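Please read the points beside the sequence and the model.

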Amino acid sequence: MIHSGRFGFVGRRLLQAIPLTLVLLLLVFAMLKVVPGDPAMQVAGPRASAATLQAIRVQLGLDQPVWEQFLHYLGRIATGDFGTTATGSTKVGTLIASGAPVTLVLLAVSTVFTVLIAGATALLAARRPDGLVDRMINVMAAFGVGVPTFWLGIVLLAGVALPTGAFPIGGWGDTPATVLRAAVLPALALSVSVAPVLMASLRSGIVEARRSEYHAAAQAAGVRGWKLTRGFVLRNAAVPPVSLLAALTTLLLSGAVVVESTFGLPGLGLSLTQAAQNRDFNVIQGLTLVFSLAVVVVNLVGDVLVAFLDPRVMV
Amino acid sequence: MSPLLRITDLVLETGPAAAPVRPVSHVGFEVAHGEAFGLVGESGSGKSLTLRAVIGLLPEGVRQAGGTLELERDGAMRPYRFAEVRGRGIGMVFQEPMTALNPTMRVGDLVTAGPRARYGWSRRAARSRAVDLLAEVGMPDPKAQARMWPHQLSGGLRQRVMIAMALATEPSVLLCDEPTTALDVAVQDQILRLLHRIRTERGLSIVFVTHDLGVVRRLCDRVAVMYAGQVVETGRVEEVFTRPTHPYSAGLLRSMPTQDTPRDRPLAAIPGGQPGAGDRPEGCRFAPRCGHALPACAGLAHVLAAVPGSPSRSACIRVADLGGPPLDREALLSPLPGGTA
């Protein structure tokens, strides 16, 4: 009965993600419709004749009603066809497939860093609320949020990568070891701005759990040490940070765009920056869709995780 | 009966160490093997803080500034460290079963959390023990309920889970902090019967903190009445309830409605209010509200003295002159209704 409750909850959340995804697709499709400029002119060049432009419009399907164009777009997306880049040389799908692993590794490593940094500092800060350590961590957290990611990236390159030689100055690796090494500094730059937000939430959760009656009741029953911390503090305190971390994915993604440029990582963020400079709409559209879907998926996973941590949310 | 738990001269402080405020000053009491002891008083009297101090779970900012806590072990009273008695000797039932049960743990896991941490029980052993305990506290379907979450249970069932959690560690003393206050009257009655039954079956001692005199009357053998951080009177329940030896207890009892209390007249009340921990008067703290007070009361040192002709002990120097009509023994001492919980 309880298990069906959990699976029911997961199923309902999955169903809710479907209309959300459709709205996303509609927005991404509409994005192209509202930006200034004529796609046909983009293809044919500014000196093309009206007849040529019209022929291109028919070829691109732009003469069709908008809703038909949308259905057509949905069909293409469903088959993984994102169109080609502006130069026509590469398929957008190929571009995404080659950049996605880089961005995924970057995000994964920086999520691990974020959780480690936030977890350690939150536990330290919560030891004595409003004590010296708590205040110092609070000041550091304010710095962390305030430091621009691109600047921190440059500082890490100049201050760590160059003098030590332990990390590449930029670019990506081709074996797991070199990939991880290349990801460390950019992931760190990314984590520094996100970790403080998570830390603050975790810290207040820990303080609250330690003051709770269930914590006292567990102590009265003889639970102590790490079992007390794990079962009656961290487990309860983790609930808000987990959903927050899911929400912070948007921040990590936009940070990834910046960091990939700073470190010259061949990921989706770098492709997006380049596409924006070249006004390459197919690429922008494809990447926007991928990023949005990633946010939907991560939030879905976050919701499910929260439900497993705190059964009260499954109503 | 031989003593099991003895609290002597307990002093609790809060605020800056230089100018502390004492919510509890020099409280002492003794609980015998198998005895139910009531600690009764109004909000702010320090009864709950006293109870929490017994197991060292004081709220943030309150500290123990003095006193001895002793538990009987191997035939002798010995001072204890909290780590020794938590989950091994002393158990505690909290007031709010909603907030005192971890919402992220299944009922069965919660009930045996103590012994699992303490004795390293295997998960499987803990599970079957949890079902036994839930059955002992009268859960209607213990096997299914062990798999449930606290929020899926009613208030009364949650309090039963709380009691099972405290019993899991096989305590010899059960501290109960107003365990029925958050429940409705019908459920209160069930929980009281349950505690009474468990106490009889297990030979447990119970320390019961409450503001409800009716609960004390039904469940307890002896009682200490607390006022403004001190015990003002202590004795056997039937004595204190029929021949109170302190004007405060007498006033409390007179303000308690019984079946025969005329409905058209207001209940008797003690004029004034209990002073807060920060502004307590010198001498007898009840004197400013007391109809029997003498000038000497304002300079009185607090001593719980034996009362001539009574088994109770009282802090009042005017015991001999209290007089007043004796309280109606029959109305106040209706027996605990029979039956099991």
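1. Two strands pair if DSSP finds at least two bridges between them; strands are DSSP runs of E with at least two residues, and helices are runs of H or I with at least four, numbered from the N terminus. The model is predicted, so local features need pLDDT of at least 70, side-chain atom pairs count only at pLDDT 80 or more, and totals for chains, interfaces and linings use all residues. Residues are numbered from 1 along each chain as its sequence is written, chains are lettered from A and ligands numbered from 1 in the order written, and side-chain values use heavy atoms, without hydrogens and water.

2. In chain B, four strands make an open, antiparallel sheet in the order 2-1-4-5. Its edges are strand 2 (21-32) and strand 5 (76-79), each pairing on one side only. Eight bridges join strand 1 (residues 3-14) to the antiparallel strand 4 (residues 62-73) of chain B; B:Leu12 has B:Gln64 in strand 4 as its bridge partner.

3. In chain A, helix 7 (residues 149-164) includes A:Thr149. A:Thr149 is buried, with a relative accessible area of 15%, because buried means under 20%, exposed over 50% and partly exposed in between (1.4 Å probe, protein chains only). Leaving aside residues up to four places away in sequence, A:Thr149 touches A:Ala189, A:Leu190, A:Ser193 and A:Val259 (contact means heavy atoms within 4.5 Å).

4. A:Val155 also belongs to helix 7 of chain A. With a relative accessible area of 35%, A:Val155 is partly exposed.
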